[in-house]
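Welcome! Have a look at the structure below, and then let us go through some questions about the words used to describe it.

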Amino acid sequence: MLQFKAPKGTTDILPDVARRWQYLERKAAELFSLYGYEPIITPVFEHTEIFQRSIGMSTDIVQKEMYTFMDKGGRSLTLRPEGTAPVIRAYVEHNMNLLPQPVKLYYTGPMFRYERPQAGRYRQFWQLGIEAIGSDDPAIDAETILLMINYFKSVGLKELTLYINSMGCDKDRPAYIRLLKDYAGENREKLCKDCRKRIDLNPLRLFDCKEESCQLVMQDAPKMIDYLDEACKEHFNKVRQYLDMQSIVYIIKPELVRGLDYYTKTAFEVVSPLLGAQNAIGGGGRYNKLVEEFGGPPTPGIGFAIGTERLSIAVDKEGAFVSTDSKMDVFIAIADEAAKSAAINLLFALREAKISADIDYMGRSLKGQLKYADKRGFKYTVFLGSRELESGKVAIKNMETGEQIEVPLNELVDKLLEIIKQNQPSISQTID
RNA sequence: GUGAUCGUAGCUCAAUUGGUUAGAGCGUCGGACUGUGGCUCCGAAGGCUGUGGGUUCAAGUCCCAUCGGUCACCCCA
């Protein structure tokens, strides 16, 4: 029995899945840079206030999901529960407002949220995200949404549903919130006890309740989208126009309220039917007050985050990624101990020539070595023993056909290069 | 934080109504005439049955607790 296990809600990504994972990250880096994004890597923990101030004290994330701890210097630190706040903090800290705007950044890395694990939800989970900071142009909203959709397409996902909404801004939202509170207050008796608390704490969240009675009440509640001021309405319409121009199909979902307080104007979410209850595979929105919140100049911004494990699950279910179970090129079989050092020299010479190669390190018999080479899926086996060293000729065996040819020892590397070149892709080549 | 369900070798699973030293397949390792894989055959290693209590003459099988997995709620990626 194993004494140690990965902590609850965490998991090891074993080679089979790790291959798909790396593929997804590689495709993301390719596509994001095509759209002008540059990589950024921020710390995995931040000062706790970073998240309290940006995400919002009344949100579930801050109230019950953060991994917060004191370090030995008495600082309150928190393992980042999301990627946007740290990037904005970095933007302000490094005066990126002085760079040509907008500043486009992408990141990938682990996030941490203390929740009960379930399908597609972990305590340590990975996100792929982007942030475009500096522009309030609705065209960049559309580009952001488009980038996410195109990325999903590029890794083979179909049947995605895109929801969009507008959350208003600091000009029109306060009046709307009052309206919403009034409405909810009038219907207080019909709401569940959680929702009654939400009326004052976080009224937008009233729309999230799964209770039928609450949903019934909220159906007729005033929707933000109907109370946008002229500027926000215009912005939202422009975003829609740009999306329509690119033939992007979306559903306007007035109830879509992302669970982070910093969103303004455009909010969006993509769900996949291939996932379980946790079906949001990516989401994001605009955050025009966030830079100010961190002490920077008034600067608009927008971004999204994609859940890497949810994406990985969906891609797997879609069968969109065929694992290129990397076949090694050459196995060197040592026929007798006398040839061992010659074999090791050959091994490194092969690798020097970019031929993937390996050798037995377990003291197996020749037969055992062949079995091993077979199981590991080598394409060729080279036999090296005192016989070969004396005659100067070595045998190359094609492990698939069983054919064997003899070549002079001093031409072996060139010969192998030649053979490998004219045959199938090897481990050193990538497949899309 | 709430609820449901599960927990036997590395993996997938067995083990009559609680009853002798807990089994199989796959995998791993070794062998089947001395320098050659894939098929077949033989053999070996590997489990204090998640952990801790309890009931019983007797518990993998029943009860309680705890930890963990899975799924759902809350919420989100």
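Q: Why does methionine 224 count as buried?
A: Its relative accessibility is 4%, and buried means under 20% relative accessible area, with exposed over 50% and partly exposed in between (1.4 Å probe, protein chains only). Methionine 224 therefore counts as buried. A word on the source: this is a predicted model, where local features need pLDDT of at least 70, side-chain atom pairs count only at pLDDT 80 or more, and totals for chains, interfaces and linings use all residues. Residues are numbered from 1 along each chain as its sequence is written, chains are lettered from A and ligands numbered from 1 in the order in which they are written, and side-chain values use heavy atoms, leaving out hydrogens and water.

Q: What does methionine 224 touch, not counting residues up to four places away in sequence?
A: Contact means heavy atoms within 4.5 Å. Methionine 224 touches Ser166, Met167, Gly168, Asp172, Arg173 and Tyr176 on that count.

Q: What makes strands β3 and β4 a pair?
A: Strands (E, at least two residues) and helices (H or I, at least four) are DSSP runs, numbered from the N terminus. Two strands pair if DSSP finds at least two bridges between them. Four bridges join β3 (residues 67-70) to β4, and the strands run antiparallel. One bridge partner of this kind is threonine 78 in β4, for threonine 68.

Q: How many bridges link β2 and β4?
A: Strand β2 (residues 45-47) and strand β4 (residues 76-79) pair in the antiparallel sense over three bridges. Histidine 47 stands opposite leucine 77 in β4.
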